[in-house]
Amino acid sequence: MISIRKHIDTFRDPLTESSLSGWSTSLLAMAQCAERAVPGLGQELKQKLAEARQSLANPVTPDLLLETSATVEQELAGWADRASEHHAASVQEIREIIAVVSRTGDSVARRDQNYVQQMGDLNGRLQALARLESLPVIRKSILESARALKACVEKMAEEGRESTRKLAGEVAEYRRRLEESERISALDPLTQLANRRAFEKSLAGRMGAKQNFSVIMMDLNGFKTVNDRYGHAAGDDLLRQFAIELRSQFRPGDLLARWGGDEFVAIVAMPLDESKARVEQIRRWALGDYKIKTGGATVKVDVQAAIGVVQWDGVENGADLLARVDARLYAFKPERGSPGGSRHGSDLAVATR
């Protein structure tokens, strides 16, 4: 954060617009890098840094800039600690798998060494038969050696099956744990919806398979006011509640994700006309009044959202498709400073393409 303090000292009086713009851009880059570095842990940091950037839109004073700098340092430090813990857990998981394979290898080696000894003893007994002259003694020794050989082979086979079963069970358990870890890394930790990484992966897969689908994007109106007025804990509570209601409006084959902050995005396997009907359903059942707890009181909040929906044309890439749906959504966002609603009343933001 030395560079940030240098900006503050250099531009303290007056604070130039270029220096603020540069710092704002740096915050965005930090958030994006954190999300790429540790998917699943970067979204919270991204939201916090976005809020810090938003504060720079207000009249900026040196004191406000120093306060924002301290907040950014604190959030980065917290993210670094969480990332370190995540990395340590992943390393431990891999070490345990290696230890299982190593123990199994040692067991097989010891078992084989035991059987080498037994086979050597048996071979010595068989060689001793060549020096015998009594046929009954030879016959008896051969029968005993055959029984010993059979028992040894059966024991080797049984121990081999048992080792295989044990190894298979342990590997299956670690595979389950790794799959669970992968599943968790694809979830947004706050809402338990899919995260941005999982959404982009699903989007690319559907495009690669040439599927017919539409994308719905939602941006809650005035959510920052909830955080400012009631605190971030209340804001998080509202997002969790909204995610639960929103999830109930989608089918198992759809993918619903938190895009970041108060933005949500979904992939629905249906054409545009049906997707419009789905949006109207969301407006009826997922938007409206919510109750959130703040301190010892419960307050009612009216949740509304700008919603955009477009159908994939079968040609455009993911970035172009998302830019198109984002443009549709933006056209129906409230004017800056407006307490709610949309620029065009209750019109639905849909694409005609």
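Is Phe242 buried or exposed, and what is its relative accessible area? Phe242 is buried, with a relative accessible area of 0%, where buried means under 20% relative accessible area, exposed means over 50% and partly exposed lies in between, as computed with a 1.4 Å probe on protein chains only. The structure is a predicted model, in which local features need pLDDT of at least 70 and side-chain atom pairs count only at pLDDT 80 or more, while totals for chains, interfaces and linings use all residues. Residues are numbered from 1 along each chain as its sequence is written, and side-chain values use heavy atoms, with hydrogens and water left out.

Phe242 belongs to the largest nonpolar core, which has 32 residues and in which Met218, Phe242, Leu246 and Phe250 touch the most other members; a nonpolar core is a set of buried Ala, Val, Leu, Ile, Met, Phe, Trp, Tyr and Cys residues joined through side-chain atoms within 4.5 Å. At least two residues of this core come from each of β1 (214–220), α7 (223–230), α8 (232–247), β3 (263–268), α9 (272–285), β4 (288–294), β5 (297–303) and β6 (305–311), and α8 gives the most, with 6 residues. Here helices (H or I, at least four residues) and strands (E, at least two) are DSSP runs, numbered from the N terminus. When neighbours within four places in sequence are left aside, Leu246 is in contact with Met218, Leu256, Phe264, Ile282 and Ala286, contact being defined as heavy atoms within 4.5 Å. A second, separate core holds 21 residues, including Phe213, Val310, Leu322 and Leu329.

Aromatic pairs were also counted, with rings of Phe, Tyr and Trp (its six-membered ring) taken to pair if their centres lie within 6.5 Å, and with planes under 30 degrees apart called stacked, those over 60 edge-to-face and the rest tilted. By this rule there are 4 aromatic pairs. The rings of Phe213 and Trp312 have centres 5.3 Å apart and planes at 20 degrees, so this pair is stacked. Because Phe213 lies in the loop between α6 and β1 and Trp312 in the loop between β6 and α10, the pair ties together parts that are 99 residues apart in sequence, and both Phe213 and Trp312 are buried. The rings of Phe242 and Tyr290, by contrast, have centres 6.3 Å apart and planes at 65 degrees, so they are edge-to-face. This pair links distant parts of the chain, with Phe242 in helix α8 and Tyr290 in strand β4, 48 residues apart. Tyr290 is buried, with a relative accessible area of 7%, and Phe242, Phe264 and Tyr290 form one aromatic cluster.

Across the whole structure, 6 salt bridges are found, a salt bridge being a side-chain nitrogen of Lys or Arg within 4 Å of a carboxyl oxygen of Asp or Glu. One of them joins Arg258 and Asp188, whose closest N and O atoms are 3.2 Å apart. It links distant parts of the chain, since Arg258 is in strand β2 (residues 255–260) and Asp188 is in the loop between α5 (135–185) and α6 (196–208), 70 residues apart; both Arg258 and Asp188 are buried. Another salt bridge is made by the side chains of Asp254 and Arg278 (3.0 Å, N to O). Asp254 lies in the loop between α8 and β2 and Arg278 in helix α9, so the pair ties together parts that are 24 residues apart in sequence. Both Asp254 and Arg278 are buried, and salt bridges that share partners join Arg251, Asp254 and Arg278 into one network.

Lys224 counts as partly exposed at 38% relative accessibility, whereas Asp228 counts as exposed at 54%. The buried residues of α7 are Phe223, Val226 and Asn227. They cover an arc of only 95 degrees around the axis, which puts them on the same side of α7, the arc being that of the directions from the helix axis to the C-beta atoms. The face turned away from this buried side carries the exposed residues Asp228 and Arg229.
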